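Here's a quick briefing on the model below.

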Amino acid sequence: MDGQENNKQHKGGRNPKKNRSIHRYVFRLTEEENAKFLSLFDASGADNKAHFITSVLFEKQIKTVKIDMAAMDYYMRLTTLFGQFRAVGVNYNQIVKLLYRNFSEKKAAAYLFKLEKQTAELAKLCHDIIQLTEEFEAKHLIKNEKK
């Protein structure tokens, strides 16, 4: 029995913290102050409000992340458009093969002439999209770092 008394029973649960936070402070905010606090908290990207408050009180660096939804929307739409351009290219190759396989050379050449006109318009549209994208990046995405 003496051997069993020396073995300590483990109660289970998680290990206790070495430096527990036991001091609690309460403060109240007006509606305006609360709105400002919540906007700063959202901009900080902190996990919870307690960590955000302590970082502000003790002048720790606060991380702010700003997401430009217009730029993200533009990027998503541009990606979708690029996928459609790829699909058009694949379809273009398939149509040329089918034209030469199923029609006479004269008739296939007539259809290809029409297809070439549409392709030229598509190339012009692609050039315009590239130019608009460069303008958008210059105005909104590229940050000028002048110090």
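A pocket here is an open set of points on a 1 Å grid over the protein atoms alone, where a 1.4 Å probe fits and protein lies on both sides within 12 Å along at least five of seven lines. This is a predicted model, where local features need pLDDT of at least 70 and side-chain atom pairs count only at pLDDT 80 or more, while totals for chains, interfaces and linings use all residues. Residues are numbered from 1 along each chain as its sequence is written, and side-chain values use heavy atoms, with hydrogens and water left out.

**Overall fold**
- The protein has five helices and zero strands, helices being DSSP runs of H or I with at least four residues and strands runs of E with at least two, numbered from the N terminus.
- Read from the N terminus, the order is simply α-α-α-α-α.
- Of the 147 residues, 9% count as buried, meaning under 20% relative accessible area, with exposed set at over 50% and partly exposed in between (1.4 Å probe, protein chains only).

**Largest pocket**
- The largest pocket holds about 410 Å³ of space, a volume being the space filled by probe spheres set on the grid points, which are joined across faces, edges and corners.
- Its lining has 12 residues, and Y25, A50, I53, T54 and L57 are the ones that lie nearest the centre; to count as lining, a residue needs an atom within 4 Å of a point.
- By class, the lining of the largest pocket splits into six nonpolar, three polar and three charged residues.
- For those classes, Ala, Val, Leu, Ile, Met, Phe, Trp, Tyr, Cys and Pro are nonpolar, Asp, Glu, Lys and Arg are charged, and the others, Gly among them, are polar.

**Second largest pocket**
- About 150 Å³ of space sits in the second largest pocket.
- Lining it are L78, L81, F82, F85, C126, I129, I130 and T133, and the elements giving two or more residues to that lining are α4 (69-102) and α5 (105-141).
- Seven of its lining residues are nonpolar, one is polar and none is charged.
- I129 belongs to helix α5 and counts as buried because its relative accessible area is 17%.
- I129 and L78 are 51 residues apart in sequence, yet their C-alpha atoms are 8.8 Å apart in space.

**Nonpolar surface patch**
- I67, M69, M72, Y75 and M76 make up a nonpolar patch on the surface, with about 580 Å² of accessible area together.
- Patch members have over 30% relative accessible area and no salt bridge, and nonpolar side chains (Val, Leu, Ile, Met, Phe, Trp, Tyr) are joined within 5 Å; areas come from the Shrake-Rupley method with a 1.4 Å probe.
- Y75 lies in helix α4 and is exposed, as its relative accessibility is 57%.

**Salt bridges**
- Searching the whole structure turns up two salt bridges, each a side-chain nitrogen of Lys or Arg within 4 Å of a carboxyl oxygen of Asp or Glu.
- D73 pairs with R77, the closest N and O atoms being 3.1 Å apart; both lie in helix α4, four residues apart, about one turn of the helix.
- At 37% relative accessibility D73 is partly exposed, while R77 is exposed at 58%.
- D128 and K124 form a salt bridge at 3.5 Å, N to O, and they sit in helix α5, four residues apart, about one turn of the helix.
- D128 is partly exposed at 31%, whereas K124 is exposed at 55% relative accessibility.

How values were computed: Patches are made of residues with over 30% relative accessible area and no salt bridge: like charges are joined within 9 Å, nonpolar side chains (Val, Leu, Ile, Met, Phe, Trp, Tyr) within 5 Å.
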